[in-house]
Amino acid sequence: MSRPHFKRRFLLLLIAATILALLLYLTRISEYWLKTIFTGRMGLPEFGQTLINVIEIALLMGLAVVFVRAIDEAVFRLSFRLRRRAEAPSLVRNIVSIIANVIIFVVIFKLFYPTVDLGAVFTTSAIFGVIIGLALQDTLGNLFAGLSLQADNPFQVGDVITVGQQKWTGVVEGISWRAVKVRTFSNHVLILSNSSIAKEAIEVCPKENLNARLVYFSTLYTDSPARTIHVVREAVREADNVSQMIRPNVRIRNLGESGVDYEVKYWLEDYAKYNDTDALVRQRIWYAFRRAGLSFAFPTRTLHVERKARGDGTPVDGSGFIERLSAVDIFAPLSVEEISRLANASMSHVFAPGETVIRAGDEGSSMFVVHNGRVQVQIMDNGKPRTVAVLNEGDFFGEMALFTGEPRTANVIASEETEVLEIGKQAMKQLFETNPDLVESLSHTIAERRTELKAQHENEETHEDATAGIFASIKRFFGIN
């Protein structure tokens with residue numbers, strides 16, 4: 001509860017106490033006048049005194065209720081919040097309030113009727129007690145079931161629970177003496193009585209616990225299990241809401257009729273978002289399969305012809321890719337025929353939004369050209385990723401790994417669904433073998449690009465020195481004499 005709300009409730013309690021105290025004062029000063037009316041005019045002196053006693057008892061009980069409510073607010077709400085703890089369960093607060101009010105009522109009643117034995121009154125009212133018990137059977141059942149739940153404390157507010165054979169699932173929003181309030185993932189509010197919950201099996205996923213989820217998929221028998229497990233694990237472990245504390249586990253579940261059945265087990269940071277996370281994991285697996293050239297198994301008996309598709313990690317062809325590579329300045333020294341050969345030897349990959357294309361520190365021998373979409377170049381700054389550049393269609397990255405074999409120097413993340421062309425070492429080596437002069441031309445182009453990028457920093461390295469160094473690195477990396 002916020003402090004303004006807390007102050008407002010205390011102000012309302014203070015106003016109620018003031019009104020009740022004023023009414024009690026008016027009753028006391030009017031006591032003689034009321035007795036006179038009932039004694040002199042109506043001839044009912046005992047009735048007048050009884051009426052006055054009842055009014056005063058009611059007003060005193062009203063003051064007692066206000067006092068108990070104020071103590072409840074101060075102890076169970078304010079003190080818990082000041083200690084940065086969750087509020088006390090509402091059932092405990094209600095029971096304490098009931099006990100306090102009953103004790104105060106007995107004390108007030110004894111002040112007015114000290115000779116009346118309340119115990120005898122209640123014990124002799126057996127029939128009345130039976131009637132009340134039958135009428136409150138369900139209410140009492142919910143009360144005692146609520147007490148049992150509070151004693152066992154199987155779940156708390158914020159936990160995700162699944163109750164009964166009907167599989168009611170949702171986030172616990174409140175626990176009272178009568179029922180448990182659950183908000184389902186359809187945003188519906190479900191009120192489950194304590195007595196019904198006490199009879200059912202309850203599955204609890206605590207909010208501060210790493211709870212696991214399973215997603216199933218199948219591949220063809222021709223796909224390598226070791227490669228499938230590696231590809232899926234890498235795709236899943238960086239998904240949002242998937243815990244980094246425990247590595248996802250991918251394993252073969254069954255050798256099915258149409259393919260190999262797998263399951264991927266991963267742990268969630270916030271289990272209440274498991275529906276969205278499951279959907280994201282399935283999406284990541286789909287994109288990872290396309291890039292790795294893996295295929296999902298499906299029951300069929302028809303023959304099919306495999307065709308090359310963009311984004312599945314197979315060689316690409318077409319004028320669109322030739323145009324894209326022709327516009328890349330680093331390939332300016334290449335002829336039209338060499339550009340065409342390079343496009344035919346390139347690979348196309350599609351990445352989902354938020355996926356990592358390359359990771360800093362990884363070994364590599366290829367470069368990438370953004371064909372469709374957009375990527376972000378990120379470096380680690382004090383342990384946190386910082387975006388230093390955004391690359392659009394036609395931009396390229398990773399060229400030093402292709403030409404010199406240097407490790408990756410930054411993370412490149414897809415900002416949206418992005419298709420990139422990957423140019424590998426073997427494709428460039430074939431061009432160098434047929435045209436050795438390309439080494440010097442490309443060295444000059446790469447050195448010019450690096451000099452421009454470093455122009456904002458103080459660097460004494462000249463363009464000629466950079467060209468010579470890159471020229472030697474390319475020859476050494478490709479084994480050119």
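**Overview**

I began with the inventory: the protein has 16 helices and 17 strands. Both come from DSSP runs numbered from the N terminus, with helices being H or I over at least four residues and strands being E over at least two. This is a predicted model, in which local features need pLDDT of at least 70 and side-chain atom pairs count only at pLDDT 80 or more, while totals for chains, interfaces and linings use all residues. Residues are numbered from 1 along each chain as its sequence is written, and side-chain values use heavy atoms, with hydrogens and water left out.

Next I checked burial, where buried means under 20% relative accessible area, exposed over 50% and partly exposed in between (1.4 Å probe, protein chains only). Of the 481 residues in the protein, 36% are buried. I also looked up contacts, meaning heavy atoms within 4.5 Å. Among contacts with a separation of 6 or more, 69% are between residues 24 or more positions apart.

**Helix 9**

Helix 9 covers residues 225-237. Its 13 residues reach 18 Å from the first C-alpha to the last, close to the expected 18 Å; the expected span is 1.5 Å times one less than the number of residues. I listed the buried residues in helix 9: Thr228, Ile229, Val231, Val232, Arg233, Ala235 and Val236. What covers these buried residues? The cover includes strand 6 (211-219), strand 7 (249-255), strand 8 (260-268) and helix 10 (274-292).

Helix 10 has 19 residues and reaches 26 Å from first C-alpha to last, close to the 27 Å expected. Its buried residues include Tyr274, Asp278, Leu280, Tyr287 and Arg291.

At what angle do helix 9 and helix 10 pack? I noted about 130°, with the axes 9 Å apart. Axes here are lines fitted to C-alpha atoms, for helices over the stretch in contact, and angles run from 0 to 180 degrees between N-to-C directions. That makes helix 9 oblique to helix 10, given that angles under 35 degrees count as roughly parallel, over 145 as roughly antiparallel, 65 to 115 as roughly perpendicular and the rest as oblique.

On the helix 9 side I found Arg227, Thr228, Val231, Val232, Ala235 and Val236, which meet Val281, Arg284, Ile285, Ala288, Phe289 and Ala292 of helix 10. By class, the residues of this contact are 9 nonpolar, 1 polar and 2 charged. For the classes, Ala, Val, Leu, Ile, Met, Phe, Trp, Tyr, Cys and Pro count as nonpolar, Asp, Glu, Lys and Arg as charged, and the others, Gly among them, as polar.

Just after helix 10, Gly293 takes a positive phi of about 75°.

Ala239 sits in the loop between helix 9 and strand 7. Buried or exposed? Ala239 is buried, with a relative accessible area of 3%. Beyond its neighbours within four places in sequence, Ala239 is in contact with Leu280 and Arg284.

Asn241 has a positive phi of about 75° although it is not a glycine. Most residues other than glycine have a negative phi. At 16% relative accessibility, Asn241 counts as buried.

**Asn187**

I looked up Asn187 in the loop between strand 3 (179-184) and strand 4 (189-193). Asn187 has a positive phi of about 65° and is not a glycine. Its relative accessibility is 54%, so Asn187 counts as exposed.

**Helix 12 against helix 14**

My last stop was helix 12 (residues 336-344) and helix 14 (residues 425-434), whose axes come within 9 Å and cross at roughly 150°. The two helices are therefore roughly antiparallel to each other. Helix 12 passes helix 14 in a right-handed crossing. Glu338, Arg341 and Leu342 in helix 12 meet Ala427, Met428, Gln430, Leu431 and Thr434 in helix 14. This contact has 4 nonpolar, 2 polar and 2 charged residues.

Note on methods
A crossing is left-handed if the near helix is turned anticlockwise from the far one by less than a right angle, and right-handed if clockwise.
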